[in-house]
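Please keep the sequence and the coordinates open while reading.

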Amino acid sequence: MALYLGVMSGTSLDGLDIALIEQGEQLELLATHYLPMPPDLRKDLLALCSSGTDEIARAALAENRWASLAGEGIRQLLAHQGLKPEAIRAIGSHGQTIRHEPSRGFTVQIGNPALLAELTGISVVADFRRRDVAAGGQGAPLVPAFHETLFSQLGRRLAILNVGGFSNLSLIEQDKPVHGFDCGPGNVLLDAWIEREHGHAYDADGAWAASGVVQPGLLSALMADPFFAGSGPKSTGREVFNLPWLDRHLANLPAYRAQDVQATLLELTARSIIDSLGKAQQGTEALLVCGGGARNGALMARLGQLLPAARVASTGAYGVDPDWVEAMAFAWLAHCCLEGIAANRPSVTAAKGLRVLGAIYPA
């Protein structure tokens, strides 16, 4: 039995999720902690997602601040649990993705794991995605292997949906390798649009989207993006789906009410998920949802309407809090790295083979 910490900072840039797990014959979530992202750091990280001046220095300074924030969150969690750093075998740190372009052979997550090890006195495992990309894979999504570990006993034909900034599916069927891929935007466009129009970080429960009317012309234009035609393996990020991408479509269409754009963006998220699922796995029995999207009532209702033959529910209904699945996954990935266990899945990423993921920064 060993204790691991997982630190996850997703594309929504809302904050850091920290999960403490115990890894033995079974995996158990012991404690969690959340730190909101300071607005100035969020702004700097978001700016690094596109080209700009003096990027190397700006990235170095931003990742130092990210590591300091993670270190403080870990200190707080350990203090609350009455644990010393030496009780933790390792931290699995995802870092913050600022670029993801596997078609060009690279993915970049920053977070200065050496500094995090220094600040915490705990070994850090980080840089999980690049080995898969080096092996010809997409480097994402990496959570399907973890989803398989957590949920494979629940049914014969399952789909695990993570909706963060982007959405991804893990498809689990008996006697088949786990399959998975990114579906497209999750919350990224919904969050960006409401922030621009109303200054809110997100659309609570999807209420603003629910007040609008889906616009078929806009939806068709958005769904015509070539990304949605692929069946996977595939992954995406802010390089593809962002406000300028949306603005280019809006410029060629009639003016819409802002809430109608939001309603259409929610429909884009739901349709891209269910269309992808329909192409990849027929007869899905249950769709288990985790990530921030599981808290969006309007999105959950729409997914249920589009997939009436399956049970659509939060992973919380199966005993796993939807807010902490990804942080748990990176704690588990640290365990796999230290034990020499391959944690990518070629059926998901199209890598040339199984690979041990992560780089180790000893305490």
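In which strand is the place of R157? R157 belongs to strand β7, residues 157-163, where helices (H or I, at least four residues) and strands (E, at least two) are DSSP runs numbered from the N terminus. The model is a predicted one, in which local features need pLDDT of at least 70 and side-chain atom pairs count only at pLDDT 80 or more, while totals for chains, interfaces and linings use all residues. Residues are numbered from 1 along each chain as its sequence is written, and side-chain values use heavy atoms, with hydrogens and water left out.

**Surroundings of R157**
- R157 has a relative accessible area of 23% and is therefore partly exposed, given that buried means under 20% relative accessible area, exposed over 50% and partly exposed in between (1.4 Å probe, protein chains only).
- Although R157 and E285 are 128 residues apart in sequence, their C-alpha atoms are 5.7 Å apart in space.
- When neighbours within four places in sequence are left aside, the residues in contact with R157 (heavy atoms within 4.5 Å) are I172, E173, Q281, Q282, G283, T284, E285 and A286.

- Helix α2 covers residues 55-81, 27 residues in total, and reaches 38 Å from its first C-alpha to its last, close to the 39 Å expected at 1.5 Å a residue; the expected span is 1.5 Å times one less than the number of residues.
- The buried residues of α2 include A59, A62, E63, W66, L69, A70, G73, I74, L77 and L78.
- An α-helix has 3.6 residues a turn, so residues three or four places apart point the same way.
- After α2 comes G82, with a positive phi near 70°.
- T269 is found in helix α10, residues 258-280, and is buried because its relative accessible area is 1%.
- Apart from neighbours within four places in sequence, T269 is in contact with P185, G186, L190 and L299.

**Backbone features in loops**
- Most residues other than glycine have a negative phi, and most peptide bonds are trans.
- The peptide bond from A140 to P141 is cis, with omega near -10°, and P141 sits in the loop between α4 (129-134) and α5 (144-151).
- D127, which is not a glycine, has a positive phi of about 55°; D127 lies in the loop between β6 (124-126) and α4 and is partly exposed, with a relative accessible area of 23%.
- A350 likewise has a positive phi, near 70°, in a residue other than glycine; A350 is found in the loop between α13 (346-349) and β12 (359-361), and its relative accessibility of 41% makes it partly exposed.

**The chain as a whole**
- The protein chain has 13 helices and 12 strands.
- The radius of gyration of the chain is 20 Å, close to the 21 Å that the globule rule gives for 363 residues, so the chain is as compact as a globular protein of that length; the radius is taken over C-alpha atoms, and the rule is 2.2 Å times the number of residues to the power 0.38.
- The C-alpha trace spans about 60 × 50 × 40 Å along its principal axes.
- Buried residues make up 54% of the 363 residues.
- Of the contacts in the chain with a separation of 6 or more, 68% are between residues 24 or more positions apart.
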